[in-house]
Amino acid sequence: MNNGPILLVEDNPDDVALTMRAFKRNHILNEVVVARDGVEALDFLFGTGAHHGRDTSVLPSVMLLDLKLPRLDGREVLKRLRSDPRTRLVRVVVLTSSKEEQDILQCYQLGANSYIRKPVDFDSFMTAMGQLGLYWLLLNEMPPPHDEISP
Amino acid sequence: MVAHDARTDPRTREYKDHYLVPLGITSRIDAAVRCRGELRGVVCLEHIGPARTWTAEEELFATALADLVSLALEASERHGVETTLRETERRYLELFEHTSDAVMILAGRGPDMWVCETMNPACEQITGLTRGDCVGRNACEILPNGVPEALTAAFHSCQQGREVVTREHPLQLPVGQRWFNTIFVPLPEESGKIRRIACMARDITDHRTAVENLRESEQRRLLHIQQTPMGTIEWSIEGRVVSWNASAERIFGYSAREALDRQMNLIIPIEVRPQIETIWSALIAQRGGTRSTNQNVRKDGVYIECEWYNTPLIDDDGRTIGVASLVQDVTAHRRNEEFIRRANHNLELRVADRTTQLANANQELEAFCYSVSHDLRAPLRSIDGFSKALLEDCFDALDADGRDHLKRVRAASQRMGELIDDLLNLSRINRAELKRTTVDLSLLARKIADSLQMPHPDRQVTWTIAPGLQAEGDKNLLRVLLENLLGNAFKYTGRRDHACISFGEVQENGRTLFVVRDNGAGFDMTYVGKLFQPFQRLHRPDEFDGHGIGLATAQRVVHRHGGRLWAEGTPDVGASFFFTLSEPAHGDLNLE
């Protein structure tokens with residue numbers, strides 16, 4: 001089990017509440033850090049802004065990223081993440097309403113690890129969250145700390 | 001002449017002082033030496049001493065001596081003449097043998113009886129007759145068709161008039177008909193009678209043919225020039241009109257009579273004269289100027305635009321002796337071109353404008369769809385999610401009605417989510433890029449049938465899918481089309497104990513229609529128009545569930561391929577859906 005925090009990048013408070021509920025129902029007890037836009041997400045990852053002074057060696061075990069965000073959108077966050085050696089290996093699950101082909105394709109090209117469309121039906125959403133937790137937090141092996149594999 | 005006393009004789013006394021006395025001559029005899037009746041000299045006997053009387057013997061002797069000299073002289077001259085004669089004869093024979101003209105000597109042996117005495121090698125070659133064929137035979141017998149009357153007439157005329165006669169005439173020869181220019185030369189005898197005629201014939205057949213061809217081609221050329229819709233004008237080296245055809249009359253308004261010998265400035269406005277002078281000098285120098293388009297002026301003063309094609313006329317020595325021009329009035333043509341060009345330009349502007357509008361509209365649609373996809377679903381998720389939370393967290397606080405209400409709220413929000421997805425799918429059909437390939441429709445239909453049947457193993461459905469159906473189209477879109485049509489058939493046969501669904505092709509008016517048939521619920525043809533409109537349904541949700549989007553989607557797929565989709569149905573019997581994926585270019589567009 002990866003005990004690192006889950007970084008939830010989501011601007012819709014309803015979705016935040018429902019996601020937290022789904023985590024709880026699925027017995028996912030990791031700390032959930034909520035970033036309400038792309039800038040907050042990057043601040044958390046790089047220890048800047050409101051997260052100044054944070055120990056950035058602690059990376060989220062998984063990051064749930066909405067695409068449509070105020071200020072900096074999800075694609076941009078993904079791009080910055082993948083171009084920085086410190087966050088290159090952070091696992092990103094794009095969690096969004098869109099199922100436009102171009103969005104899906106673009107996200108994978110930018111280095112998303114997974115792409116999940118938020119279903120309207122909360123039961124399906126619950127199932128999806130459960131599976132997501134099971135896979136990314138339980139089954140998947142984390143990469144070793146980044147300084148050990150620095151080029 | 002006998003002079004006994006020469007000093008007193010009146011015939012000789014004038015020589016007394018200068019000749020007779022100084023030499024002591026007293027008597028003399030002179031006898032004439034003649035040749036061909038002409039006096040050529042004199043034989044003279046002279047006596048010195050006292051005058052004496054000449055005897056008859058002495059006189060006879062002198063005469064005999066003179067005659068002897070005359071005879072010798074005459075003999076010598078005759079020999080010279082004969083030599084010359086032989087020389088001449090030899091020269092004539094040479095000419096006769098080697099001239100390229102056919103020569104035949106004919107000798108008259110009675111009325112219309114002219115026998116060939118001799119003929120030269122050229123005659124043999126030209127006529128194809130040998131000397132053996134001809135010599136000694138009457139001219140009438142020699143030629144296959146005899147001697148033409150005109151020739152006989154020329155013959156008589158030569159004989160009677162004793163003059164050289166020339167005739168141009170055809171002759172039927174063993175080698176075929178040839179044309180000759182023949183000179184008849186009378187050969188008079190010493191008596192002046194004409195018994196022989198020399199015929200000298202020159203074969204002019206090739207020359208005549210060439211002349212004939214030339215005349216014909218000249219006539220044809222003239223005809224063309226007169227008939228051609230292009231103005232045809234010939235200019236002298238000074239730029240004066242030499243010829244001016246009917247079309248030139250029509251183009252410029254001047255008749256040929258008015259234009260002939262006039263300067264070219266007649267039809268050139270002052271403004272363009274420098275330009276024309278440049279062209280003219282280039283033409284004369286044979287350095288181009290063969291094509292030009294310029295303004296000209298008509299007799300009525302109207303300016304016209306003309307296209308000129310010019311050729312310098314060059315003599316054998318390479319000197320330019322004039323110019324031939326073809327000219328066409330292109331004013332109307334230019335005007336039309338300009339009109340079309342402007343119309344095209346406007347059209348292009350309008351197309352560009354519309355394209356921009358369309359691109360903008362598409363962009364807006366794209367943004368709209370994206371927004372629908374993203375933003376419209378978020379509140380639905382909240383409605384559903386929190387209803388569910390309410391049901392879970394406050395289950396006990398809610399009575400049965402309250403729980404039922406919440407369930408309905410959830411069902412409605414989920415249904416709306418599905419509707420949004422359907423709408424997005426429909427719009428995606430329009431936006432997707434069409435990639436045409438050859439698609440195996442039979443295989444596609446088989447896979448779809450399997451995937452429809454799989455979740456319902458209990459349903460009895462006979463699928464009849466014709467093998468080898470192929471079409472040119474976008475595979476993804478065609479899959480959507482068949483999914484909708486076969487899915488519909490599967491859905492509406494849901495109440496049949498034994499359902500039959502088929503996919504095949506039928507031929508109609510020489511084209512192939514694809515058809516999906518079922519024996520399901522069918523529909524009333526009165527409402528066929530509603531069938532393909534989005535969210536229009538012919539059945540209630542409690543009969544058959546659905547959103548009324550499937551056939552609208554199917555129709556969009558077909559339309560995007562340039563085809564047609566239509567349906568036939570009977571309530572409780574079944575339905576057939578026909579489609580094509582391309583329509584004839586000039587087909588009836590009102591069928592939809």
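The predictor gives the complex an ipTM of 0.74 and a pTM of 0.46. Chain B has a mean pLDDT of 86. In chain B, 97% of the residues reach 70 or more. Among the elements of chain B, helix 9, residues 256-259, has the highest mean pLDDT, at 94. Helix 6, residues 149-161, has the lowest, at 77. Over residues 586-592 of chain B the pLDDT is below 50. Beyond near neighbours in sequence, that stretch has 2 contacts in the model. Where pLDDT is low, the predicted coordinates should not be read in detail.

Now chain A. It has 151 residues, and 38% of them are buried. The chain holds 5 helices and 5 strands. What order do the elements of chain A run in, from the N terminus on? They go β-α-β-α-β-α-β-α-β-α. Look at the contacts in chain A between residues at least 6 apart in sequence. Of those, 68% join residues at least 24 apart.

Chain B next. There are 592 residues here, with 24% buried. The secondary structure comes to 15 helices and 20 strands. Take the contacts in chain B with a separation of 6 or more. Residues 24 or more positions apart account for 49% of them.

How do the chains meet? The contact takes 16 residues from chain A and 15 residues from chain B. On the chain B side, two helices each supply at least two residues: helix 11, 331-393, and helix 12, 400-431. Helix 11 gives the most, with 12 residues.

On to the cores. In soluble globular proteins, nonpolar side chains tend to be buried together. The largest nonpolar core here has 40 residues. Those with the most contacts inside it are B:Ala445, B:Leu478, B:Leu481, B:Leu482, B:Leu485, B:Leu486 and B:Val557. Several elements of chain B each supply at least two residues of this core.

B:Leu482 is then in contact with B:Leu444, B:Ala445 and B:Ile448. A second, separate core has 36 residues, including A:Leu18, A:Leu59, A:Val62 and A:Leu95.

Stay with helix 14 of chain B for its packing against helix 15. Two packed helices are described by the angle between their axes and the distance between the axes. Helix 14 spans residues 475-492 and helix 15 spans residues 550-560. Their axes come within 9 Å and cross at roughly 145 degrees. The crossing is left-handed. From helix 14, the contact residues include B:Leu477, B:Leu478, B:Leu481 and B:Leu485. From helix 15, they include B:Leu551, B:Ala554, B:Val557 and B:Val558. By type, the residues of this contact divide into 9 nonpolar, 5 polar and 1 charged.

Start with B:Ile276, in helix 10, residues 273-284. Is B:Ile276 buried or exposed? B:Ile276 counts as buried because it has 21 C-beta neighbours inside 10 Å, and the cut-off for buried is 20 or more. Not counting residues up to four places away in sequence, B:Ile276 touches B:Ile268 and B:Asn294. The C-alpha atoms of B:Ile276 and B:Gln295 are separated by 9.9 Å. Those two residues are 19 residues apart along the chain.

Last, two backbone angles to check. B:Arg36 has a phi near 50 degrees, a positive value in a residue other than glycine. B:Arg36 sits in the loop between strand 2 (25-35) and strand 3 (38-48) of chain B. With 10 other C-beta atoms within 10 Å, B:Arg36 is exposed.

The other is B:Asp261. Its phi is positive, about 70 degrees, and B:Asp261 is not a glycine. B:Asp261 lies in the loop between helix 9 and helix 10 of chain B. Why does B:Asp261 count as exposed? Because it has 12 C-beta neighbours inside 10 Å, and exposed means 12 or fewer.

Key:
Residues are numbered from 1 along each chain as its sequence is written. Chains are lettered from A and ligands numbered from 1 in the order in which they are written. This is a predicted model: local features need pLDDT of at least 70, side-chain atom pairs count only at pLDDT 80 or more; totals for chains, interfaces and linings use all residues. Two residues are in contact if their C-beta atoms, placed from the backbone, lie within 7 Å. Helices (H or I, at least four residues) and strands (E, at least two) are DSSP runs, numbered from the N terminus. Axes are lines fitted to C-alpha atoms, for helices over the stretch in contact, and angles run from 0 to 180 degrees between N-to-C directions. A crossing is left-handed if the near helix is turned anticlockwise from the far one by less than a right angle, and right-handed if clockwise. Ala, Val, Leu, Ile, Met, Phe, Trp, Tyr, Cys and Pro count as nonpolar, Asp, Glu, Lys and Arg as charged, and the others, Gly among them, as polar. A nonpolar core is a set of buried Ala, Val, Leu, Ile, Met, Phe, Trp, Tyr and Cys residues joined through C-beta atoms within 7 Å. pLDDT is the predictor's confidence in each residue, from 0 to 100.
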